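Subject: Structure handover

Hello,

Here is the structure we spoke about handing over.

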Amino acid sequence: MLVTAVGGRDYSRAAYERMLPRAGFASTERVLVASGVAAGVNGPLVARGGPAANA
């Protein structure tokens with residue numbers, strides 16, 4: 001998304017974990033990536049139970 005979104009921004013995992021519940025998501029989970037991946041890769045953060053799930 002950051003590559004294709006004009007004005008896209010990057011936030012810390014902690015910032016996303018604060019924002020997602022405010023947006024209506026019920027839970028977040030950090031998915032670990034395989035060893036040997038470039039340093040600094042934190043892995044995806046998966047959010048579940050958001051507004052679309054309640055529609």
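The notes below go from the overall fold to single residues.

This is a predicted model, in which local features need pLDDT of at least 70 and side-chain atom pairs count only at pLDDT 80 or more, while totals for chains, interfaces and linings use all residues. Residues are numbered from 1 along each chain as its sequence is written, and side-chain values use heavy atoms, with hydrogens and water left out.

Overall picture

The protein has 1 helix and 2 strands, and from the N terminus on their order is α-β-β. Helices (H or I, at least four residues) and strands (E, at least two) are DSSP runs, numbered from the N terminus. Of the 55 residues in the protein, 5% are buried. Buried here means under 20% relative accessible area, exposed means over 50%, and partly exposed is in between, with a 1.4 Å probe and protein chains only.

The protein exposes about 4500 Å², and carbon and sulfur atoms supply 57% of that area. Accessible areas come from the Shrake-Rupley method with a 1.4 Å probe; for residues, only the protein chains shown count as cover. Among contacts in the protein with a separation of 6 or more, 27% are between residues 24 or more positions apart; a contact means heavy atoms within 4.5 Å.

Salt bridges

The count of salt bridges is 2, where a salt bridge is a side-chain nitrogen of Lys or Arg within 4 Å of a carboxyl oxygen of Asp or Glu.

One of them joins the side chains of R13 and E17, at 3.8 Å from N to O. These two residues are 4 apart in helix α1 (residues 13–22), a separation of about one helical turn. R13 is partly exposed at a relative accessible area of 40%, and E17 is partly exposed at 31%.

In the other, the side chains of E29 and R48 meet at 2.8 Å, N to O. E29 lies in strand β1 (residues 27–30) and R48 in strand β2 (residues 45–48), so this pair ties together parts that are 19 residues apart in sequence. E29 is partly exposed, with a relative accessible area of 38%, and R48 also counts as partly exposed, at 44%.

The aromatic pair

There is 1 aromatic pair in the structure. The ring centres of Y11 and Y16 are 5.6 Å apart and the planes are at 85°, so the pair is edge-to-face. The rule is that rings of Phe, Tyr and Trp (its six-membered ring) pair if their centres lie within 6.5 Å; planes under 30 degrees apart count as stacked, over 60 as edge-to-face and the rest as tilted. Y11 is partly exposed at 38% relative accessible area, and Y16 is partly exposed at 29%.

Two residues of the helix

L20 is in helix α1 and counts as buried, at 18% relative accessibility. Leaving aside residues up to four places away in sequence, L20 touches F25, T28, L45 and A47. L20 and R48 are 28 residues apart in sequence, and their C-alpha atoms are 9.3 Å apart in space.

P21 is also placed in helix α1, but P21 counts as partly exposed, at 45% relative accessibility. From P21 to A47 there are 26 residues in sequence and 8.9 Å in space, C-alpha to C-alpha.

Regards
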